[in-house]
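Have the model open as you read.

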Amino acid sequence: MKYSGCAVNKERHFSCEDCNGNVSGGFDASVSQIVLCQNNIRNQAHMSRVVTHELVHAFDHCRAHVDWFTNVRHLACSEVRAANLSGDCSLVNEIFRLHFGFKQHHQTCVRDRAILSILAVRNISKEVAQKAVDEVFESCFNDHEPFGRIPHNKTYARHAHRDFQNRDRYYANI
């Protein structure tokens with residue numbers, strides 16, 4: 001975040017609260033704050049996914065100046081990116097949800113999770129949410145910033161972090 005020009009202060013930009021329903025967290029764009037729903041987070045791995053998901057939204061808010069409240073395509077893009085990059089669609093999570101397949105399964109999961117997230121925060125029809133996701137899916141699914149790759153597991157996450165640390169060396173040699 002700091003590398004992208006957005007200062008983060010954990011006391012200011014993170015809040016742990018009890019939440020209604022089964023929501024695990026959210027990004028409040030009006031105050032640039034990540035809310036973690038302490039009563040709905042089951043374990044450390046779940047919290048890590050929620051924090052990563054919401055940090056993707058915070059990064060998009062900083063980098064892309066997302067119009068969260070009036071442009072459903074902006075919201076759709078950030079939800080696609082967050083589902084893709086946070087581990088929401090890991091094989092283990094999908095097995096626990098009793099959703100698994102082989103061909104294009106990760107993409108299907110990302111699309112489905114993005115639609116569910118949009119429907120959770122906007123009072124729109126499923127068809128409108130699906131259309132927005134379809135319109136932005138290809139470009140947003142392939143946008144892996146700030147990771148550079150999809151961090152499917154801890155090893156991929158370590159590689160992504162190493163790539164990030166070495167990014168300046170790569171660009172200096174071009």
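## The core

The largest nonpolar core has 32 residues, and Val80, Val110 and Val133 touch the most other members. Such a core is a set of buried Ala, Val, Leu, Ile, Met, Phe, Trp, Tyr and Cys residues joined through side-chain atoms within 4.5 Å, buried being under 20% relative accessible area (1.4 Å probe, protein chains only). Two or more residues each come from β3 (33–37), α2 (44–64), α3 (72–85), α5 (105–121) and α6 (126–141); helices (H or I, at least four residues) and strands (E, at least two) are DSSP runs, numbered from the N terminus.

This is a predicted model, where local features need pLDDT of at least 70 and side-chain atom pairs count only at pLDDT 80 or more, while totals for chains, interfaces and linings use all residues. Residues are numbered from 1 along each chain as its sequence is written, and side-chain values use heavy atoms, leaving out hydrogens and water.

## Helices α3 and α5

α3 and α5 pack at about 130°, their axes 8 Å apart; axes are lines fitted to C-alpha atoms, for helices over the stretch in contact, with angles from 0 to 180 degrees between N-to-C directions.

## Helices α2 and α3

α2 and α3 pack at about 140°, with axes 8 Å apart, which makes α2 oblique to α3. Phe59 of α2 and Leu85 of α3 are among the contact residues.

How values were computed
Buried < 20%, exposed > 50% of the residue type's maximum accessible area, 1.4 Å probe, protein only. Parallel < 35°, antiparallel > 145°, perpendicular 65-115°, else oblique. Contact = heavy atoms within 4.5 Å.
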